[in-house]
Amino acid sequence: MELADLRYLSTFFAVCRCGTLAKAAPILHKTQPAISYDLRQLESQLGVALFERTGRRLLLTPQGVAVREFCDSCFAGFEVVRQKLLTGEVIRKAPLRVAAVAGFGRYRFLPLVLSKFSLETRLILVFRTAEEVFRLIGDGEYDLGVVYYPKLSKQIRCEKVASEELVLIVPAGFRSRRIDPKDLEQARFITYDECDYPFAKWFDKVLGDTPPTLSQGDHFEDLEEVLEAIAHGRGISILPLDAAQAFLQSGRVALWRIRGKWCFNELFFVERISTSSRSEIVWLKQTFRSFIARRPLR
């Protein structure tokens, strides 16, 4: 079945509202013969007469009245959509798509979002490497990215919104003795995806230099498995403090610090420059800024 051409339908609706072809012509920016052509085409497509012509006036047939009622509903709905687009209401109802690095994303970002956002805000959250997050935001596939280092680009903007402490997590038995920094050269380190950045940052900030060699043990994709391995005495690792809180509180692992030495890592929200921030993102920025000066666990 052939669909009616919406151009002809809009012409019909304008004529109905104006009452005559002459009054509709300047509104449609068409000549009267062009309007007559559109009306004939619509009648041909629908297979019914829409008007009864009496002199210069056009009277709607019963079929024309039915089409007019449809137009009233259709174009009124279009106006509602237009207003929603202008006010951003449609955007607010769309899912909030977030791509985040796993540590901060899983242990701080997600709990806050789940506890504060209403069910009206649908969330799509994936955990990716920092480079993959940058790509997803740059391509417009996601609305917001969360990474631990900024990147200069014409397509994206990065804004510091929070900080996290990087700490050395050791098996619980290590709490009974003091660890000398030199011990770390022989220690068995458990690594994970993207651990190079936090490892290098922690060694530089806390010890002033990275050991020439590290004894590498197990490797895991997720931090949960790293902590489980530490709890079983399989090695040590450098992790975000937030990720280790549950294991620390249960006493299954321990936290080791050099007195007076702290290592904080910055977190950045990433957005496309060409898009304006949704209200949810604005709220997230304001909320996470309060955590920048967060006191470390002692």
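**Ground rules.** For helices (H or I, at least four residues) and strands (E, at least two) I take DSSP runs, numbered from the N terminus. I am working with a predicted model, so local features need pLDDT of at least 70 and side-chain atom pairs count only at pLDDT 80 or more, while totals for chains, interfaces and linings use all residues. Residues are numbered from 1 along each chain as its sequence is written, and side-chain values use heavy atoms, with hydrogens and water left out.

**Entry 1: Glu271.** I started in strand β11 (residues 264-272), where Glu271 lies. Is Glu271 buried or exposed? I call a residue buried under 20% relative accessible area, exposed over 50% and partly exposed in between, using a 1.4 Å probe and protein chains only. Glu271 has 3% relative accessibility, so it counts as buried.

Next I asked which side chain makes a polar contact with that of Glu271. The partner is Lys285, at 2.6 Å. By polar contact I mean a pair of N or O atoms within 3.5 Å; within protein, one must be able to donate a hydrogen and the other to accept it, and residues adjacent in sequence count only if both atoms are side-chain atoms.

I then listed the contacts (heavy atoms within 4.5 Å). Leaving aside neighbours within four places in sequence, Glu271 is in contact with Ile137, Asp143, Leu144, Gln155, Ile156, Arg157, Ser277, Ile281 and Lys285.

**Entry 2: the whole chain.** I stepped back to count 11 helices and 11 strands in the chain. Of its 298 residues, 40% count as buried. Among contacts between residues at least 6 apart in sequence, 72% join residues at least 24 apart.

**Entry 3: Glu164.** Strand β6 (residues 156-171) holds Glu164. Glu164 counts as buried because its relative accessibility is 6%. I checked Phe104 too: Glu164 and Phe104 are 60 residues apart in sequence, yet 7.9 Å apart in space, C-alpha to C-alpha. Not counting residues up to four places away in sequence, Glu164 touches Phe104, Arg108, Pro240, Asp242, Cys263, Phe264, Asn265 and Leu267.

Entry 4: Two packed helices are described by the angle between their axes and the distance between the axes. My axes are lines fitted to C-alpha atoms, for helices over the stretch in contact, and angles run from 0 to 180 degrees between N-to-C directions. Angles under 35 degrees count as roughly parallel, over 145 as roughly antiparallel, 65 to 115 as roughly perpendicular and the rest as oblique.

Helix α1 (residues 6-18) packs on α2 at an angle of about 125°, with the axes 8 Å apart. α1 and α2 are therefore oblique to each other. On the α1 side I find Ser10, Thr11, Ala14, Val15 and Cys18, and on the α2 side Leu21, Lys23, Ala24, Ile27 and Leu28. I sort residues into nonpolar (Ala, Val, Leu, Ile, Met, Phe, Trp, Tyr, Cys and Pro), charged (Asp, Glu, Lys and Arg) and polar (the others, Gly among them). The contact of α1 with α2 then divides into 7 nonpolar, 2 polar and 1 charged.

For α2 and α3 I noted an angle of about 100° and axes 9 Å apart. This pair is therefore roughly perpendicular. Here Leu21, Ala22, Ala24, Ala25 and Leu28 in α2 meet Gln32, Ile35, Ser36 and Leu39 in α3. By class, the contact of α2 with α3 has 7 nonpolar, 2 polar and no charged residues.

**Entry 5: Asp38.** Still in helix α3, I looked up Asp38. Asp38 counts as buried because its relative accessibility is 6%. Its side chain and that of Lys30 are joined by a polar contact of 2.4 Å. Asp38 touches Tyr8, Thr11 and Lys30, not counting residues up to four places away in sequence.

**Entry 6: phi angles.** Most residues other than glycine have a negative phi, and most peptide bonds are trans. I noted His29, which has a positive phi of about 60° although it is not a glycine. His29 sits in the loop between α2 (21-28) and α3 (32-46). With a relative accessible area of 74%, His29 is exposed.

Glu194 also went into my notes, with a positive phi near 65°. I found Glu194 in the loop between β7 (188-192) and α8 (196-207). Its relative accessible area is 28%, so Glu194 is partly exposed.
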